[in-house]
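Here is a short report on a protein complex. It takes the interface first, then the chains, then selected residues.

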Amino acid sequence: MMRNHTLKQWAWIHKWSSLICTAFMLLLCLTGLPLIFHHEIDHLLGNEVEAPDLPAGSTDASLDQVLANAVARYPDYLPQYIFREADETKTWRVRLGKSAQEQNDLHYVVVDARTAEVLAEPKLKEGFMYVMFKLHVDLFAGLPGMLFLGLMGFLMLVAIVSGVVLYAPFMRRIAFGEIRKSRAEKLKRLDTHNFLGIVTLVWVFVVGLTGVINAWSDLVVKYWQADQMASMIKPYKDLPPPKEFASIQASVLAAKQLEPEMRLGFIAFPGTAFTSDHHYGIFMRGNTPLTTRLYKPALIDAQTAQLTDSRDLPWYLMALLISQPLHFGDYGGMPLKMIWATLDIITIIVLWTGLMLWWKKRHQYVPDIQTQIRLSEAY
Amino acid sequence: MVTHLFLKHRSLRQIFKWPLLIGLATLLGLLIVLIEDVGMMESFGIVTLFFPIMIIIYFYFTQ
């Protein structure tokens, strides 16, 4: 049996860690719900770009042509990245910026991967889903917003752990799953909070923990740049930036020769965050739900299309990349999305009942924790 | 109405038996679906992840 003093301390931790983060957790759960179905919602809103069906056996166009057609739309802009989602095969997205490091003045051009025809130029920084995304990721406040939400996520993890500690004394005379529906409203609320909280515990903990890890993603990538990337590009450090650029297609082929079992994930152009001024960063990915998230970077000399270096990702970047599907729930098709959405709604109920438990008794005399437990057992 | 006061204390093992089982099923499901792309194992992973939801439906709506 836990000592009264220890129990009081855990109750204090649970109360305050929950109270501080609950409003933000409710916001994250509510904004996360549409994000689970972002493909479907984009499709409904007509924002999803779909490539036409072509006869079977159609081959992909040269990436040089894909790039040329995208750049032709904005000749004054520089290509920053060519990318696509893991399950996409028919299109490429080309991101163009006023400079290689530009983050705001950007254009996205969707190009058919088979014909190299420009299909659309979606406005990714407007609309309902963009607002949901920004509220979920950084509250429109950039890195400070991300880190703040990461801190709130950490408090939620503290609330979960302290909740588990408090679960035992509250459940010592109540059977698992018992909701005292016919008793006082506050007991029904308490039982609902405890029951839903303990059943969804592991899922909420995993999604919360991976969310906290994701909140550090910008800093983790910056550390990787200073750590591994810096040593990979060291031989090129004092050289002037190249004026002539080699073929992208040839550069991708050089990376494919190194990793024939992998496929192209994305290309970072010289000067962007994922490569140097002298290299194309060719990021290869695997083919299973797990390995498709784990990129293997190959640095290709942007003047000669020759491979200069390639290293496996360090553990901290692997941890970040593995944490992403576990947070998004986008790795098991529609059934997994439905499970994610249901558990998300249940989490909202846990947060709401917790908040209500506090709200209803905030002006009441609150007895010590042992008496609270006995009272909850008595009625 | 005093009811539960007369019941015997449950041990920690009794209290956490079901939560532990559900937690392990959830963890197993999350990892299986992450590793397995197609086939029986992926379906098994999805079913294990559905386990907590089934438990909630059963206890909340049938009791």
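## Interface

Chain A and chain B bury about 3500 Å² between them, and 72% of that area is on carbon and sulfur atoms. The size of an interface is often given as the accessible area lost when the parts come together. The model is predicted. On the chain A side, 44 residues are in contact with 36 residues of chain B.

What about polar links? Six residue pairs are in polar contact across the interface of chain A and chain B, both residues being at pLDDT 80 or more. The count of salt bridges between chain A and chain B is zero.

## Helices at the contact

Six named helices of chain A each supply at least two residues of the side that touches chain B: H5 (142-170), H6 (185-199), H7 (201-215), H10 (315-328), H11 (333-360) and H12 (369-378). Which helix gives the largest share of that side? H11(A) does, with seven residues.

## Chain A

Chain A holds 12 helices and eight strands. Its C-alpha atoms fill a box of roughly 80 × 45 × 35 Å, taken along the principal axes. Of its 379 residues, 51% count as buried.

Chain A exposes about 18400 Å². Carbon and sulfur atoms supply 62% of this area. Take the contacts in chain A between residues at least 6 apart in sequence: 63% of them join residues at least 24 apart.

## Chain B

Chain B has two helices and zero strands. It has 63 residues, and buried residues make up 37% of them.

## A nonpolar patch

Trp12(A), Trp16(A) and Ile20(A) make a nonpolar surface patch of about 350 Å². Trp12(A) is found in helix H1 (residues 4-36) of chain A. Is Trp12(A) buried or exposed? Its relative accessibility is 56%, so Trp12(A) counts as exposed; the cut-off for exposed is over 50%.

## A buried arginine

Arg172(A) lies in the loop between H5 and H6 of chain A. Why does Arg172(A) count as buried? Its relative accessibility is 6%, and buried means under 20%.

Technical notes:
Residues numbered from 1 in each chain as written. Chains lettered and ligands numbered in written order. Predicted model: local features only at pLDDT ≥ 70, side-chain atom pairs only at ≥ 80, totals over all residues. Heavy atoms only, no water. Patch = residues over 30% accessible without salt bridge, like charges linked within 9 Å, V, L, I, M, F, W, Y side chains within 5 Å. Areas by Shrake-Rupley, 256 points an atom, 1.4 Å probe, with all protein chains shown as cover. Salt bridge = Lys/Arg side-chain N within 4 Å of Asp/Glu carboxyl O. Helix = DSSP H or I, 4+ residues; strand = E, 2+ residues; numbered from the N terminus. Buried < 20%, exposed > 50% of the residue type's maximum accessible area, 1.4 Å probe, protein only. Contact = heavy atoms within 4.5 Å. Buried area = accessible area lost by both parts, 1.4 Å probe. Polar contact = N/O pair within 3.5 Å; in protein donor to acceptor, adjacent residues only side chain to side chain.
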